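I went through a few elements in turn and wrote down what I looked up.

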Amino acid sequence: DLGLVARSPRGATAAKFKPTQAETVIEEIQVQVGRTGALTPVAIMKPAKVGGVTITNATLHNQDEIDRKDVRVGDTVVIQRAGDVIPEVVSVVLAKRPHDSVAFKIPSRCPVCDTKTVKQEEDAVSRCPNPHCPAIMVESIKHFVSRRAMNVEKVGEKLIETFVSVKLVKTFSDLYSLQKSELLELERQGEKSVDNILKSIENSKKTTLARFIYALGIRFVGEQTAKLLAEHFLDIEKFMKAENEELEKIPEIGPKVSSSILEWLHEKRNQTEVKALLKAGIEFEKSTRNADGPLTGKSFLVTGTLPVKRDEAHEFIESHGGKLLSGVSSKLSYLVVGDDPGSKVDKAQSLGVAMISWEQLQGLVK
């Protein structure tokens, strides 16, 4: 009933053992700047072994979290790996606090570019608003080349940091104008590795519209939302001209996400950058969904066992213009019902969603 997100089913939960804890001392609190400009405080600690892993860093999330736990430099703290994975400061051992300790405050200026930070009322974090901040550029480019985005295999984090520091790359499109001679001048880059880097960049030019939209790094637009946008607009030019009414027609996209997309689209530098990427040779694979088919404008969800495989049913819907949703909602046009359908039928009935069989779906196309 809850549907799926890009990485997991919403209805599944992992049960884990209580994590092992240890004590260590916070030597420093560094403030890092992320892809969206968010300032994140990170505790740098004396190395401590927890659950067979040596931990030295742990995120403190934001100022509210620091204040709530009253974490300070020099404090002895209890740490654990949340879910046996993520390092976390659980609490402070106040009895061991140094007498000269002072409360930690996140700076009001970006620690990388010195721009005054801003904090929106609905945000828990302060952000650097400077789009040319080197830290934002590095993190944005890391996201752009990542496997689920443009998948530029041979361009890793260290290489991106080098590109930005020597001012070879300032935007996504700069990656596609890198020259062999420029790369050979970099430290530890030989002929073969440079050829591999350039080949990897060239190969990334052939992608899907969904991957490209995700790679752009628009706030609140993850893989699933990018896929919905790509399936709706089918064309990058149409997406770049999107208006609020059109965006909110898309199932699962609400006011918060559409507002963030519009804000990004209305930035002139973003429009210029997309044009530069297209000029550099970015090409999109043709969508399997027919832009003007008999099911255009209708959304579908399949439940139960059909006479054909689920993948074939999905392909049939998309090839005739229909959209696929991940869960039952009031925006769903039809629930396609097979044998042993489960609880989706009850939810569809309560919302007044039309239910049809596989044969009736084929009849809609005919």
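Which residues of helix 10 (residues 255–265) are buried? I first noted that this is a predicted model, in which local features need pLDDT of at least 70, side-chain atom pairs count only at pLDDT 80 or more, and totals for chains, interfaces and linings use all residues. Residues are numbered from 1 along each chain as its sequence is written, and side-chain values use heavy atoms, with hydrogens and water left out.

Entry: helix 10. I found Val257, Ser258, Ser260, Ile261, Leu262, Trp264 and Leu265 buried. Buried means under 20% relative accessible area, exposed over 50%, and partly exposed in between, with a 1.4 Å probe and protein chains only. Helices (H or I, at least four residues) and strands (E, at least two) are DSSP runs, numbered from the N terminus. I then looked up what these buried residues pack against, and got helix 7 (223–233), helix 8 (236–240), helix 9 (244–248) and helix 11 (268–279). Contact here means heavy atoms within 4.5 Å.

Entry: strand 4. I read strand 4 as residues 76–82, with Arg81 in it. Six of the seven residues of strand 4 are buried. I found strand 4 paired with strand 1 (residues 21–33) in the antiparallel sense over five bridges; two strands pair if DSSP finds at least two bridges between them. One bridge I noted joins Val25 to Thr76 in strand 4. Strand 5 (residues 86–92) also runs antiparallel to strand 4, and six bridges join them. Val77 has Val92 in strand 5 as its bridge partner. The hairpin of strand 4 and strand 5 has three residues between the strands, and I saw that Gly83 takes a positive phi near 65° there.

Entry: Arg81. Is Arg81 buried or exposed? Its relative accessible area is 16%, so I put Arg81 down as buried. Beyond its neighbours within four places in sequence, Arg81 is in contact with Pro19, Thr20, Val50, Gly51, Val53, Ile55, Ile86 and Pro87.

Entry: helices 12 and 14. I looked up how helix 12 (residues 310–319) packs with helix 14 (residues 358–365), and the angle is about 25°, with the axes 11 Å apart. Helix 12 is therefore roughly parallel to helix 14, a term for angles under 35 degrees. Axes are lines fitted to C-alpha atoms, for helices over the stretch in contact, and angles run from 0 to 180 degrees between N-to-C directions. Ala313, Phe316 and Ile317 in helix 12 meet Trp358, Leu361, Gln362 and Val365 in helix 14.

Notes:
Parallel < 35°, antiparallel > 145°, perpendicular 65-115°, else oblique.
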